[in-house]
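Work through the exercises below with the sequence and the 3D structure at hand, and try each task before reading its solution.

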Amino acid sequence: MYTLEINLKQSPLPLNVQKKTMEEAKTEYDRIVAALKSGGSTLLELTCEQVPDKHLSVLSSEVAAVQLYEKSGTTSASGKPPGFFSMVGEQ
């Protein structure tokens, strides 16, 4: 299973959809990146193959980052895959 993880501006939680093949995942990734490069506000509609009734719609202008990775048994001890990480220091 391949996971597309989308981080939105002003939101700490990522959105995830899974695809069965690398080709499908790469196609969706390329479509999101193209929408980001266009600079417009395009509605991106995504579906998940692991959870068939899961559908996501986001505006491309609200996407901060996207990543594609293979879901494997090599996740960290917390059970979370490697990915975006942010740590805010005390002030």
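Predicted model: local features only at pLDDT ≥ 70, side-chain atom pairs only at ≥ 80, totals over all residues.

**Exercise 1.** Find in which order the three strands of the open sheet stand, and work out which strands are at its edges.

*Solution.* Begin with the order, which is β2-β1-β5, with antiparallel pairing. β2 (15-19) and β5 (63-70) each have a single partner strand, so they stand at the edges and one side of each is left without a neighbour in the sheet. Next, look at how the strands are joined: five bridges link β1 to β2, while seven bridges link β1 to β5. Finally, follow the chain from β1 to β2, which form a hairpin with six residues between them, and note that Gln10 in the turn has a positive phi of about 60 degrees.

**Exercise 2.** Decide whether Glu5 is buried or exposed, and then consider its strand as a whole.

*Solution.* Glu5 has a relative accessible area of 8%, and since buried means under 20%, Glu5 is buried. Turning to the strand, six of the seven residues of β1 are buried, so β1 is largely enclosed by the rest of the structure. Helix α1 (residues 22-38) lies across β1, β2 and β5, and runs at about 165 degrees to β5.

Technical notes
Residues numbered from 1 in each chain as written. Heavy atoms only, no water. Buried < 20%, exposed > 50% of the residue type's maximum accessible area, 1.4 Å probe, protein only. Pairing = 2+ DSSP bridges. Helix = DSSP H or I, 4+ residues; strand = E, 2+ residues; numbered from the N terminus. Contact = heavy atoms within 4.5 Å. Axes fitted to C-alpha atoms, helices over the stretch in contact; angles between N-to-C directions.
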